[in-house]
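Let's take a walk through this model together, starting with its strands and then turning to a pair of helices.

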Amino acid sequence: MIESDLSARQVFAAFRAGPQRARFGFGRRAALVNIDPQRAYTEPASFPATGYETDPRQMEHTNTLATLCRDRGFPVIWTYVAYVESGEDCGVWGGRSNTPDSLQNIREGSARAQLDPRLHIAAADIIIRKRMASAFFETHLRSLLTFHGVDTVVVTGGSTSGCVRATVVEGLSCGFRMIVAEECVADRHESPHFASLYDMAVKYADVLPLCDVLQGLESMPR
């Protein structure tokens with residue numbers, strides 16, 4: 001193991017300043033997949049036990065990406081996590097705690113399951129309820145992307161170290177070019193956030209500033 005006195009933020013910044021890997025790049029057709037931008041996670045004032053904020057303009061930036069993708073005819077997909085009243089569809093993942101704020105107690109139809117009201121969600125957008133970390137696991141996301149001829153997936157949402165990273169790893173495993181918009185992902189704690197950005201950038205995705213993601217999408221054929 002390489003030891004370092006640098007923080008996770010500094011390690012990621014050093015990698016971004018001098019990347020050692022070629023980019024996966026933007027392919028022929030993209031989709032925007034927004035991971036769980038729901039009130040339980042995006043409203044720290046309302047839900048202090050589970051909410052977090054990294055960039056205060058995250059929802060605004062996500063809306064910008066969504067607008068561009070719609071204008072270019074690319075699918076815009078929103079996921080959220082919610083469970084039945086018993087919480088049993090959370091499986092073993094929900095067995096570690098059982099408090100009002102525990103994962104398996106995010107009920108379908110509850111305030112915690114609602115997408116952030118700052119988001120601009122169009123009628124033609126696709127909304128997927130998921131139950132596990134990856135947006136691909138036991139959902140129709142992969143077949144949906146295949147139907148639309150997508151080879152490039154831009155990811156936003158949270159948490160960076162949890163559902164975003166899980167989606168990115170599985171998406172790459174399914175053969176998609178994974179792109180992470182840096183200002184559009186968030187986590188509850190600084191170190192896991194930047195450690196996961198570094199990990200994804202080194203192995204699984206292009207982790208790019210929002211301006212580069214917008215430019216990449218605009219350069220793709222319609």
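Which residue in strand 2 is the bridge partner of L32? The partner is V76. Before going further, note that this is a predicted model, where local features need pLDDT of at least 70, side-chain atom pairs count only at pLDDT 80 or more, and totals for chains, interfaces and linings use all residues. Residues are numbered from 1 along each chain as its sequence is written, and side-chain values use heavy atoms, with hydrogens and water left out.

Strand 2 covers residues 76-81; strands (E, at least two residues) and helices (H or I, at least four) are DSSP runs numbered from the N terminus. Strand 2 runs parallel to strand 1 (residues 30-35), and four bridges join them; strands pair if DSSP finds at least two bridges between them. Strand 2 also pairs with strand 3 (residues 126-130), again in the parallel sense, over five bridges. There, Y80 stands opposite R129 of strand 3.

Now look at how covered strand 2 is: six of its six residues are buried, meaning under 20% relative accessible area with a 1.4 Å probe, protein chains only. V76, W78 and Y80 are buried on one side, and I77, T79 and V81 on the other.

Next, find helix 3 (residues 58-71) and helix 7 (residues 210-218), which pack at an angle of about 5 degrees with axes 10 Å apart; axes are lines fitted to C-alpha atoms over the stretch in contact, and angles run from 0 to 180 degrees between N-to-C directions. The two helices are therefore roughly parallel to each other, a term for angles under 35 degrees. In their contact (heavy atoms within 4.5 Å), H61, T64, L65, L68 and C69 of helix 3 meet L210, V213, L214, L217 and E218 of helix 7.

Note on methods: Buried means under 20% relative accessible area, exposed over 50%, partly exposed in between (1.4 Å probe, protein chains only). Angles under 35 degrees count as roughly parallel, over 145 as roughly antiparallel, 65 to 115 as roughly perpendicular and the rest as oblique.
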